[in-house]
Structures are given as structure tokens and as C-alpha cells.
Amino acid sequence: MKPPTNTAAKGAATEPAPVDAKAGDAMLTYEDFEPFCSWRREEGKETLVVHVAEFKRDQMKVHLSNRGTLRITGERPIDGTKRSRFTKEIKVPKDCNPNEIIAKFTDAGLLHIVMPKKTSVELETKQDQPIQVVPEQQGQAQDQNAPPKTKGTQGQVAEESRKVFSVAKQTIIRDRKVVMGVALVVVVAVVVALGAFATYKYTRPAPNV
């Protein structure tokens, strides 16, 4: 009689049952997959979005190595003998601060790895450290295509008032300079005219009698 064949799906990994498992227990199998990832590049930060719709927050781990490598892993049960898992490793961008990386998980099944950019002061990388995956606060996530929030009416009025005042101030200063320049030219012209008149008067020959 031929020995039984392994019926695990193609591409799935198998692990033997524990030593103390009862006879007849099925072997545990794993289905490895590659999650879809995308980048969002914004001013002051970069965000890696990992699409893991069927996972829960406590089924994933994010770890940062001292070499600046981000390791994201996840594992969830499918049925009694089958589990789904993934492993994703990325290199943290050089212009990002690895000490400030945070991970947020949304209700839509999106894992956001937020990597703030470095300031002018170069920061040292810490040792190996796990990054806690926290749920994103309700109302905090916003659609990227949504229009930006506008200021209130009072804020708009105050902003416009400051702009008008600034323009008026610059105009007054410019006009004052123009007036002072014109006045200086007039004064110089008057002085020159008076000097010429005085010179003509005292140098003119007396009339013959």
C-alpha cells in the first residue's frame, strides 16, 4: 500500500504537530502571501500603507532593527489546521527619523506606518525596538481627495484685515519716500535759482549815466 500523500495547498508551508499531540491530529499548514503596499509622501513625513483587510490589530507585529530595517509580520487562523501569514521588510528612508516611527491600524483593514522626516539635527538610531500597533482614532483618518478644511469666518476676516493693513502700510511708506524725494528736489532747485540770481545781481555792470 502506498504511503499517504500530503494534501496541503501548493505554496503552503507545513509544520509537524506538537510532540504531545494526540495521534490522528492533522498537521498545521500555513498560507504565505504578499500584502499590497503603497506609499504616501507628504510634507514632513512618509507613510507606508499595508492592505491587510482580513487581519486584526493584535495579529500583527512591527519591529525596527538597529540597521534601519522595518519588519512587519502578521498571522491569523483560517480554520482548525490552516493559518495565513505574511512577512514584509522595508528599508527606512534615510531622511526619516527611525526613533519616531508609529504604526496605526484602521477599521478598513489598513496598517499605516508613519515615518516622520528628520529635523536639521541628526538623530542616532536606537537599538532593536518593537513598534506598537495602535488603533487609529475615529475621525482622525481623512480621505486624501477630500478638500482641506477652511478657516472660520472670523479667521478669514482677521487674515484679510492683516493683509490689507500690510499693503496699506507699504503704500504709505512708499508714498512718503516719493514725497520727501520731490520736496528735496524742489528745495535744491530753489537754492540753485537763488544762487544764480544773486550771482547775476552782484556781477552785473552798473549802467552808464
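The largest nonpolar core of this predicted model has 21 residues, and those with the most contacts inside it are Val52, Val62, Leu70, Ile72, Leu111, Ile113 and Met115. Such a core is a set of buried Ala, Val, Leu, Ile, Met, Phe, Trp, Tyr and Cys residues joined through side-chain atoms within 4.5 Å. The model is predicted, with local features requiring pLDDT of at least 70 and side-chain atom pairs counting only at pLDDT 80 or more, while totals for chains, interfaces and linings use all residues. Residues are numbered from 1 along each chain as its sequence is written, and side-chain values use heavy atoms, with hydrogens and water left out.

- At least two core residues come from each of S4, strand S5 (60-64), strand S6 (69-77), strand S7 (82-91), strand S8 (102-105) and strand S9 (110-116); strands are DSSP runs (E, at least two residues) numbered from the N terminus.
- Leaving aside residues up to four places away in sequence, valine 52 touches Pro35, Met60, Phe86, Phe105, Gly109 and Leu111, where contact means heavy atoms within 4.5 Å.

**Open sheet**
- Five strands in the order S3-S4-S9-S8-S11 make up an open sheet with mixed pairing; two strands pair if DSSP finds at least two bridges between them.
- Strand S3 (36-42) and strand S11 (133-135) are at the edges with a single partner strand each, so one side of each has no neighbour in the sheet.
- On average, neighbouring strands of this sheet are turned by 25° against each other, direction ignored; the axes are lines fitted to C-alpha atoms, and angles run from 0 to 180 degrees between N-to-C directions.
- S3 and strand S4 (residues 45-51) run antiparallel and are joined by seven bridges.
- Arginine 41 has glutamate 46 in S4 as its bridge partner.

**Salt bridges**
- Eight salt bridges are found in the whole structure, each defined as a side-chain nitrogen of Lys or Arg within 4 Å of a carboxyl oxygen of Asp or Glu.
- Lysine 88 and glutamate 34 form one of them, with the closest N and O atoms 2.8 Å apart.
- This pair links distant parts of the chain, 54 residues apart: lysine 88 lies in strand S7, and glutamate 34 in the loop between strand S2 (28-32) and S3.
- Lysine 88 counts as buried at 19% relative accessibility, whereas glutamate 34 counts as exposed at 52%; buried means under 20% relative accessible area, exposed over 50%, and partly exposed in between (1.4 Å probe, protein chains only).
- Glutamate 46 and arginine 41 also meet through their side chains in a salt bridge (2.6 Å, N to O); glutamate 46 is buried at 6%, while arginine 41 is exposed at 58%.

Notes: Helix = DSSP H or I, 4+ residues; strand = E, 2+ residues; numbered from the N terminus.
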